[in-house]
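Me: Hey, can you walk me through this protein? I'm new to reading structures.

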Amino acid sequence: MRTDVNGVSAFISIMRGCNNVCSYCVVPYTRGVERSRDPGTIVREACDVFSRGYREVTLLGQNVDSYRYGDVNFAGLLGMVADVSPELRVRFSTSHPKDISDEVIAMMASRENICHHIHLPVQSGSDRMLEKMRRRYTREWYLGRIAAIRAAMPDCGITTDVIAGFCSETEEDHAATLSLMEEVGFDWAFMFAYSERPGTLAARNYPDDVPPGVKSRRLGEIIDLQNRKSLESYRRDIGKTLRVLVEGPSRRDPSQLCGRAGSSKMCVFPSGGHVAGEYVDVVVRDCTSATLICEPSS
């Protein structure tokens, strides 16, 4: 367990390791196989940070959806932590597209204090690349999970990871990634050019054969597209009233406060006497591609 210096957010590891062995990833070799922690211990830690004034807890795991301890799966654990207090916000990271279940989605939709945000790394929009990465889902499966999330929670923030220039990636594979990003319309993304990690399946079996200049150009196209989609997403929130958990003063303007909406979008607004740890309802008046510019609703 660790806590943020803002005195508002806490982070609890619910499991260690990973069983997926994606071909580009070193985590299974450095952290070992998956081991889930006792849910009672996790709930006690959540109770502890809440009693000390923290108002948000993020449950962490390389693949939280595969959490299981006895009869408790991840949906059950989410409900147990959410039951600590309706004033405790619950977030989690990271989900795996092959494992996120309808039960987890339903649990999120049923509890107001489970934030409507899912980080769902796609990595590529090409089935050929997904198979080579050993992601164990297809483009169609991924889009089906997105549809299920949005059917249950139309306001859910969805973010992702994207890799440009994985081994043998063609222009057609790259175009498939761009088209998936266009179709989904992610709120934001972590975007990277592929970098070989020693000891991984990819390093042992696949040449890193996409030239650096091509990787850089493809990554630039991915970033440009995501910036446009982020701005479109944030503009759709203009005029809405959102509940924000205040994290503290804005770094750019200390006279303003900042905090995240349930979708994980960052909001800035005049302080109006509010302090870190308070929930504030704000109205969105403007935006950038990364921030909602707001004012308190009353």
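Me: How many helices and strands does the protein have?
Reply: Nine helices and 16 strands. Keep in mind that this is a predicted model.

Me: What does the C-alpha trace span along the principal axes?
Reply: About 55 × 45 × 35 Å.

Me: OK, what percentage of the residues count as buried?
Reply: That's 52% of the 298 residues.

Me: New topic: contacts. Taking those between residues at least 6 apart in sequence, what share joins residues at least 24 apart?
Reply: For the protein, that share comes to 73%.

Me: Let's look at some helices. At what angle do helix 2 and helix 3 pack?
Reply: About 30 degrees, and their axes are 9 Å apart. Helix 2 covers residues 39–51, while helix 3 covers residues 74–82. With that angle, helix 2 is roughly parallel to helix 3.

Me: Is the crossing left-handed or right-handed?
Reply: Helix 2 passes helix 3 in a right-handed crossing.

Me: Which residues meet there?
Reply: From helix 2 you've got Pro39, Ile42, Val43 and Ala46, and they meet Leu77, Met80 and Val81 of helix 3.

Notes:
Residues numbered from 1 in each chain as written. Predicted model: local features only at pLDDT ≥ 70, side-chain atom pairs only at ≥ 80, totals over all residues. Heavy atoms only, no water. Axes fitted to C-alpha atoms, helices over the stretch in contact; angles between N-to-C directions. Helix = DSSP H or I, 4+ residues; strand = E, 2+ residues; numbered from the N terminus. Parallel < 35°, antiparallel > 145°, perpendicular 65-115°, else oblique. Left-handed = near helix turned anticlockwise from the far one by under 90°. Contact = heavy atoms within 4.5 Å. Buried < 20%, exposed > 50% of the residue type's maximum accessible area, 1.4 Å probe, protein only.
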